Amino acid sequence: EELPYRPALTQTPKLEGLVTASTFVVDQPRCFFDKYNNADIWLVVALDKAASTFNNTAAPGTPETAFQNFPDTVSAYMTLNATVANYPCSRPARDITVLRVGSETSCAGDKSRPTCNGPLPGPGPYRVKFLALQGSEPVAETPWSAPITLRTAKPPSKIPMTDRGHSAGMIAITTILSILFAILLAGLVAMLVFWGSDSCGSSSTFSKPESVTVRRYNTHHVYDQPAARL
């Protein structure tokens with residue numbers, strides 16, 4: 001059965017990182033698989049160009065659908081399995097009912113976890129769908145989403161000239177400030193050297209004190225009196 005629900009990027013307001021360089025966020029398929037109580041619901045991620053060739057009878061957790069082989073030898077992998085109980089019709093007001101595709105980094109290279117929800121290897125574009133399996137038998141699925149392209153880093157050649165001018169201006173200001181600082185530092189060093197040499201010159205100049213001559217005086221009134229000689 002093809003269900004009347006097409007997966008899409010979430011419209012949840014104020015949700016950061018809706019699309020990044022290796023992840024994107026889609027809404028949960030709530031209240032669409034409610035009559036398949038015994039089914040496991042899988043998210044299928046495929047390259048846009050290979051979505052139409054996906055075999056919905058392929059078993060999850062096998063080399064044919066393993067994340068670690070995507071996209072070299074596998075054009076679509078299966079991940080984020082859940083039961084109908086995980087996608088109920090009711091939705092608490094504060095709950096954020098979304099799925100982030102590509103959020104698991106720890107199992108990206110672990111071949112023992114072929115259903116890893118690992119980071120997407122490139123900008124895509126990608127398409128996703130939900131598939132319900134009872135055992136190995138597909139019982140319901142959604143249509144493929146519209147193509148989803150991830151963010152990529154902007155090449156230097158496409159950076160606007162205003163950014164380059166701003167960077168050049170900052171470099172010029174930094175250069176001028178560096179030159180002024182060097183001049184100021186050189187002036188301070190010269191002043192310190194001048195003061196140091198002046199202090200040394202003053203401390204090395206000594207004046208020889210004049211010699212003091214002490215003259216000896218005789219008191220004539222003592223030796224000139226005859227009575228003193230007796």
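**Entry on the model.** I noted at the start that this model is predicted.

I found an open sheet of four strands, in the order 3-2-5-6, with antiparallel pairing. Strand 3 and strand 6 stand at the edges. Each of these two has a single partner strand, so one side of each has no neighbour in the sheet. From one strand to the next, the twist averages 35 degrees.

I then followed one pair. Strand 2 runs over 40-47 and strand 5 over 126-134. I counted eight bridges between strand 2 and strand 5, in the antiparallel sense. Leu43 stands opposite Phe130 of strand 5.

**Entry on the cores.** Which residues have the most contacts inside the largest nonpolar core? I listed Phe24, Phe33, Val45, Val101, Leu120 and Phe130, in a core of 32 residues. Strands 1, 2, 3, 4, 5 and 6 each supply at least two residues of this core. I also found a second, separate core of 10 residues, which includes Val44, Ala51, Phe54 and Leu131. With the bonded cysteines numbered in sequence order, the pairing is 1-2, 3-4.

I took Cys31 and Cys89 to begin with. A disulfide joins them, with an S to S distance of 1.9 Å. The torsion about their S-S bond is about 80 degrees, so this disulfide is right-handed. Cys31 lies in the loop between strand 1 and strand 2, and Cys89 in the loop between strand 3 and strand 4, so the pair ties together parts that are 58 residues apart in sequence. Cys31 is partly exposed at 37% relative accessible area, and Cys89 is partly exposed at 44%.

Next I turned to Cys107 and Cys116. They are joined by a disulfide, with S to S at 1.9 Å. The torsion about the S-S bond is about 75 degrees, so this disulfide is right-handed. Are Cys107 and Cys116 buried or exposed? Both are buried.

**Entry on the backbone.** I kept one general point in mind here: most residues other than glycine have a negative phi, and most peptide bonds are trans.

I checked phi and came back to Cys31, where phi is positive, near 65 degrees. Leu80 is not a glycine, yet its phi is positive too, about 50 degrees. Leu80 lies in strand 3 and is partly exposed, with a relative accessible area of 22%. The limit for buried is under 20%, so Leu80 at 22% counts as partly exposed.

Where are the cis peptide bonds? One joins Phe70 and Pro71, with omega about 0 degrees. Pro71 is found in the loop between strand 2 and strand 3. Another joins Gly124 and Pro125, with omega about 10 degrees. Pro125 lies in the loop between strand 4 and strand 5.

Terms used:
Residues are numbered from 1 along each chain as its sequence is written. This is a predicted model: local features need pLDDT of at least 70, side-chain atom pairs count only at pLDDT 80 or more; totals for chains, interfaces and linings use all residues. Side-chain values use heavy atoms; hydrogens and water are left out. Buried means under 20% relative accessible area, exposed over 50%, partly exposed in between (1.4 Å probe, protein chains only). A nonpolar core is a set of buried Ala, Val, Leu, Ile, Met, Phe, Trp, Tyr and Cys residues joined through side-chain atoms within 4.5 Å. Two strands pair if DSSP finds at least two bridges between them. Axes are lines fitted to C-alpha atoms, for helices over the stretch in contact, and angles run from 0 to 180 degrees between N-to-C directions. A disulfide is a pair of cysteine sulfur atoms within 2.5 Å.
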